Amino acid sequence: MENNKIRAGVIGATGMVGQRFLTLLENHPFFEVTALMASASSAGKTYREAIDGRWKLAEAIPEKYLDMPVLDAADIENNKQYVDMVFCAVNMSKDETRALEENWAKAEIPVVSNNSANRKTPDVPMVIPEINPQHLDVIEAQKKRLGTKKGFIAVKPNCSIQSYVPMLTALRKFEIKEVAVSTYQAISGAGKTFESWPEMIDNVIPYIGGEEEKSEKEPLKIWGEVKDGKIVDADSPLITTQCIRVPVSDGHLATVFVKFENKPSREEILDAWKNYRGLPDGISLPSAPAQFITYFEEDNRPQTGLDRDIYGGMGITAGRLREDTLFDYKFVGLSHNTKRGAAGGAVLIAELLAVLGYFN
C-alpha cells in the first residue's frame, strides 16, 4: 500500500459516477482504490472488459484500473478484507441501496455514499463540508443504532442544490424567509451522454423525477441541528423549486429568487459571498477549492460551458445579483454536477472524515 494510504473501494464502479470516482482518486494523496465493485453481471471480469463500450467521461480511463478484477458488491464478507472504506454510487432501488449500505457499515466498513437512499435517515449526516461539518457528530449515535465500532454511513446531498445552497447559506444571517429556484440540469445528472440520449439534442424536458422534493427539503436538513442523536431539520425558509433537464453535458445552473426578514444591501451580499470560508480553521482538504463562492460581475456569467470547471469543478459560481420586483433579490448559481455535485463532493466528505480520524 503506497505511503499507508487509506484503502478505498468503489461500489458501482462501472456507472458514470463510479467512473468519475476513479478519475478523481487516480492520484489522490489520501486514498488508493483497492477494490472495484459492481453488480453480479460484471463480477469476474476485468474492469477493461466490464467497462467496454460503457465509458462515458471525456477523460481517458485510468490505466491503473484496467486489469483490476471487478468484484460482486453484494459479497461483503469476502470483499471487506480489501478495503478500509467504500464509496457507493449504485443504480438500485432505494430499499436495495439502503440495505446494501447498512450491510457494509455493519461489516465495520465506513460508507461514503453518492446515493439518495439514506439522505432522509435522521442519524446519517448529509454533508457539504464547507457548510455543515458539525453534522458528522451524529455518527456516534448512528454507530449505536447499527451496533458498530467503526462502520457508519455518510452521504452527500443532491447534486443540483449545490448550485444555490452555498450562496443562501452565506446569507442566512439576514434571516431568509422565502426562496424560489429553477434548476437547469445537465444530462450527466441522469447518467447519460448525447450519444446514449439523442432525444435530448435540441430539446428541454420540464420534469426530473423526485428532484423537486429533494431540492426543497434537503437544504433544511443541511441547515438543521444535531439533537439527541439525530439531525433535526431547520423549519425555514420556505423553498419552492422547478427542475428542468437541458441539453448540456455537465453543470447544473440555478436561477434563484430570495426574500429576507432583514433585507441586506447588494454590497453586504457580495461581501458575505466573498468572505464565506466554510471549512473550519486549520483544516485543509486536497479537493477543496481555494475560493468556495466566486462571483462574476459580467452580465452573461456564470456560463455552464465556461465556468463549471472552476477550481477543478469543485468551486461554486454566482452572478447577476440584482433587486427583484416580487422578491428582494435574484441571482444565478452554477456547480459541476458530477464533480462538486456527485463524486467530487463525496471525495471531499471522505477527506474531511479522514482528517478527523473517522477511518482510523
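Predicted model: local features only at pLDDT ≥ 70, side-chain atom pairs only at ≥ 80, totals over all residues.
I began with strand order, and I noted an open sheet of 6 strands running 10-7-11-14-13-12 with mixed pairing. I then looked up the edges, which are strand 10 (238-245) and strand 12 (293-296), each of them pairing on one side only. From one strand to the next, I recorded a twist that averages 20°.

**Entry 2, strand 12 and its neighbours.** I followed strand 12 to strand 13 (residues 316-323) and found the two running parallel, joined by 4 bridges. Within this pairing I looked up Tyr295, which stands opposite Ala318 in strand 13. I also noted that helix 8 (residues 266-275) packs on the sheet, where it touches strand 12, strand 13 and strand 14 (329-335), and that its direction makes about 175° with that of strand 13.

I checked the bond from Ser236 to Pro237 and found it cis, with omega near 5°; Pro237 lies in the loop between strand 9 (230-232) and strand 10. The bond from Arg301 to Pro302 is also cis, with omega near 0°, and I placed Pro302 in the loop between strand 12 and helix 9 (304-307).

I looked up Glu108, a residue other than glycine whose phi is positive, near 70°, and located it in the loop between helix 4 (94-106) and strand 5 (111-113).

Technical notes. Residues numbered from 1 in each chain as written. Heavy atoms only, no water. Pairing = 2+ DSSP bridges. Axes fitted to C-alpha atoms, helices over the stretch in contact; angles between N-to-C directions. Contact = heavy atoms within 4.5 Å.
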